[in-house]
Amino acid sequence: MSRTDASLAVSLVVATITLFSQPLKQFLDMVASIEDQYHLAFLPALTVLSVAFAITQSRKRVESAAEARLSRARSAELGRLLTFGNALASSLDEEALQRTLCQQLPAFFGDRGYWLLARRGKVWIEVAQASPYGPQLSIESQEQLAEQALLGMATPGADRLGIELEEVVCFPLIVGPTVVGVLGVQNAPELAPTDRIASTAAVAPLALALRNLRVLHELQQQGIIDQLTGCLNRATGVMNLQGELRRARRSRRPVSILMIDIDHFKTINDTHGHLAGDAVLEKLGVLIGQVLRTTDIRCRFGGDEFLVILPETPLAGAEQAATKLRAAMKTLDAGIDGSRPTLSIGIAQAERGELDAASLVGRADAALYKAKQSGRDALRAAEPNEPARDYPKLQPSPTTTGDDFNVEPTRAAVARAASS
C-alpha cells in the first residue's frame, strides 16, 4: 500500500469497526458481566499486558538499532584494517611506507601527530613522523619514549592497549619474540577506548610490514654488498659506473675512477694465512669509506682489487683522493706483525660523452699495471688516448636499452648501502 492509498486505509478501518461494532459491544458486555460475577479486572490486566508488551518491543527495537550500529562500526573497522593491510603489503621501501602511513593512519587516529621508529638490533631508525599542530619530536626523545614503552610492556599488568607516556600513547610493534619498532601517537585529544582497540588491531599488520621491510633490506644488502669488505660487489659497481657515465654525459660534468690493488697480497696470504689476508681486505674496505666522500662509490672488483667511482671529479681531484688513500693506508695497522701493506692505484677520467665502462676501466687498469711496474706503492694516471686493457665482461647487459635514459640505482641509495 502506497502513501496515496492512506484515505482508502482509513476508510477500511472505519468500515471494519462499523461492521463489527455490534459483536464487539456484545463481547464487551459479556466481559463486564463476567467481571461483575467473579470480581475480576480484565481490562486493567489487559492494559498492563499491553503496556508491558509495548515496552518490550521498544527495548528490542533499541537493542536491534544498537546491534546494527555496532555491526556497521565493526564492518567499517574491518574495512579500514583491510585497506591498511593491503596498502602496507605494497609498501616495499621506506618511502612507500611513509606515504601509506600518511594516507591511512588518519582513519585510526584522526589528525593526531604520530611517529614511527624501526628497531634493527640495538639501533632505532626513524621511519616516519607527522605533527600537524605542534613541533616534531627529536629522534633522541622518540628513542627515550620507545625504550620506556618497552620497559612498560615488561611490567606485570601493563596495558596492552598502548602505554601512556607524557602526552603520547606508545604501541610496541612485536612479531613473535622480536621487537621490530614502536609507534607513538599524540594523546591530545585523548584516545577513546574504542580508538585504542582499533589502533591495537592496526599495529599488527604494521609490525609485519616493518619486519618484511627489514628482511627485504637484508636480502638486498646481501645481494649487492660484499660481506667481507662492506663494498659493493663487482656487478653492482659496474652497473653504477654505467649509470654515472650516462649522468656525466647528460650533465657534462667529469667522472673519474680509481683501480686499487694491494701490493704483494699473495705474499701476505702465503706468509700469514688467508685469515690475515681477509683482515687486510676488510680494513681496506672500511678505510676507503672513511677517507673518501660519502658520494664516492666503492666496490670490490675481485680478489684484492677495488674500484672506486668518483662522481663530478676531474683527473686532478682523483689524484688527490688517491694520494690521501695511499697515505692513510701507510698508517693502517693491518695486524701483520706491525707491517703496513701498501697500495698501487691507477686513475682514469671518462672522456666527454663516453659511455663505455669497459674502456674506462681498461685505461685505469693499464695505469695500475704501470704503477706496479714502477716498483709498486705508487699511483699513475692514464694518459689521453692510452690503450686500454680488455674487459669484455663489463659490456652492458643485452637487456639494457636506450642511450642516456637507462634506469640505474640512485647514487644516494648506493652510497647509503655501501656505507652501512
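Residues are numbered from 1 along each chain as its sequence is written, and side-chain values use heavy atoms, with hydrogens and water left out. Because the model is predicted, local features need pLDDT of at least 70 and side-chain atom pairs count only at pLDDT 80 or more, whereas totals for chains, interfaces and linings use all residues.

The protein chain has an average pLDDT (the predictor's confidence in each residue, from 0 to 100) of 82, and 88% of the residues score at least 70. Over residues 395-420 pLDDT stays under 50. For this stretch the model has 43 contacts (heavy atoms within 4.5 Å) beyond four places in sequence.

Helices (H or I, at least four residues) and strands (E, at least two) are DSSP runs, numbered from the N terminus. An open sheet is formed by five strands in the order 2-1-5-4-3, with antiparallel pairing; two strands pair if DSSP finds at least two bridges between them. Strand 2 (123-130) and strand 3 (163-165) stand at the edges with a single partner strand each, so one side of each has no neighbour in the sheet. From one strand to the next, the twist averages 25°. Strand 3 pairs with strand 4 (residues 168-175) in the antiparallel sense over three bridges, and L165 stands opposite V168 in strand 4.

Axes are lines fitted to C-alpha atoms, for helices over the stretch in contact, and angles run from 0 to 180 degrees between N-to-C directions. Helix 3 (residues 42-89) packs with helix 4 (residues 94-104) at an angle of about 165°, the axes being 9 Å apart. Helix 3 and helix 4 are therefore roughly antiparallel to each other; angles under 35 degrees count as roughly parallel, over 145 as roughly antiparallel, 65 to 115 as roughly perpendicular and the rest as oblique. T83, F84, A87 and L88 of helix 3 make the contact with L97, T100, L101 and Q104 of helix 4. By class, this contact of helix 3 with helix 4 has five nonpolar, three polar and no charged residues. Ala, Val, Leu, Ile, Met, Phe, Trp, Tyr, Cys and Pro count as nonpolar, Asp, Glu, Lys and Arg as charged, and the others, Gly among them, as polar.

Helix 9 (residues 265-272) and helix 10 (residues 274-291) pack with axes 6 Å apart, at an angle of about 140°, and are therefore oblique to each other. In helix 9, F265, I268, N269 and H272 meet H274, A276, G277 and L281 in helix 10. The residues of this contact comprise four nonpolar, four polar and no charged.
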